[in-house]
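Dear colleague,

Please find below the structure that I am handing over to you, with its sequence.

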Amino acid sequence: MSAAAKGKVFLVGAGPGDPELLTLKAARILREADVVLHDDLISAEILSLIPRTATVISVGKRCGVARVTQEEINAMMISYARSGRDVARLKSGDPMLFGRAGEEIDAMRAAGIELEVVPGISAAFAAAAALEVSLTDRRKASRVIFSTGHRAGRAQESTTQVVYMPGPDYASVVSRLLDEGFSADTPCAVVASASQEYQSVLRTRLRDLPNLGPLPAPSILLVGEVLENEAGESVTSTLAAFRVSSAASDFS
């Protein structure tokens, strides 16, 4: 990538380790990046795709011990981008599932650095594929909850609920979520045609969702405190179409 007045940061999902499971976009960004900051779980096969001309730095953890602090990682991304280099922050699995993508996104926004998120295949889906088990076999399960072993708390305080195919009647979905203990004030968002050219986003709170018209299918509903806006103020109901290049950095 050619140097410019200011570079760009890409949060790139490396997937579970098989280089053939990288997205085409992720592979292209790795080939073109000036700097790659990667986690320790990234496979050698994927790292071998990075050209020798790039600066490659391991910023991951070993046995839970970080050699480089998150603040130092943020500072490196900002410094390299400000020097006109394009930075690939390479994360195992999908960058938006666990890890510290939220902190890195906040840091880039605060520094005025252009950012793009490139999704990857989560290890959960790779494991399901290896087992040849459908996580949502309609005969046995209708929900998947992602959690970490070191984080405790009541479900609604620490859980992001993801509802696939919420349908045109948001009222029934909201009723079920309220019965499960979610507050009517919980922020939520519906995303239609996620990652496609005319992605649409509706942000609101559970109490207001039934009063809003549904977005066109295919859509997905996300519910949880992670959707609260930065200022902690009420999330207004908005509907907007974004091109993929800008939507990834606007929605988190």
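Two strands are said to pair if DSSP finds at least two bridges between them. Strands E2 and E6 meet this condition: they run parallel and are joined by four bridges. Please bear in mind throughout that this is a predicted model.

The overall picture

The protein chain contains eight helices and 12 strands. Of its 252 residues, 40% are buried.

Strand E6 spans residues 87–91, and five of its five residues are buried, so the strand is largely enclosed by the rest of the structure. The cover extends to both faces: Val87, Arg89 and Lys91 are buried on one side, and Ala88 and Leu90 are buried on the other.

Besides its pairing with E2, E6 pairs with strand E1 (residues 8–13), also in the parallel sense, over five bridges. Which residue of E6 is the bridge partner of valine 12? It is leucine 90. Histidine 38 likewise stands opposite leucine 90 in E6.

Leucine 41 is placed in the loop between strand E2 (35–38) and helix H2 (44–47). Is leucine 41 buried or exposed? A residue counts as exposed when its relative accessible area is over 50%. Leucine 41 has a relative accessibility of 70% and therefore counts as exposed. Its C-alpha atom is separated by 7.6 Å from that of glycine 60, a residue 19 positions away along the chain.

Methionine 165 and a nonpolar surface patch

Methionine 165 also belongs to a loop, namely the one between strand E8 (161–164) and helix H7 (170–179). Because its relative accessibility is 74%, methionine 165 counts as exposed. Methionine 165 is one of the residues that form a nonpolar patch on the surface.

Yours sincerely

Definitions and conventions. Residues are numbered from 1 along each chain as its sequence is written. This is a predicted model: local features need pLDDT of at least 70, side-chain atom pairs count only at pLDDT 80 or more; totals for chains, interfaces and linings use all residues. Side-chain values use heavy atoms; hydrogens and water are left out. Helices (H or I, at least four residues) and strands (E, at least two) are DSSP runs, numbered from the N terminus. Buried means under 20% relative accessible area, exposed over 50%, partly exposed in between (1.4 Å probe, protein chains only). Patches are made of residues with over 30% relative accessible area and no salt bridge: like charges are joined within 9 Å, nonpolar side chains (Val, Leu, Ile, Met, Phe, Trp, Tyr) within 5 Å. Accessible areas come from the Shrake-Rupley method with a 1.4 Å probe; for residues, only the protein chains shown count as cover. A salt bridge is a side-chain nitrogen of Lys or Arg within 4 Å of a carboxyl oxygen of Asp or Glu.
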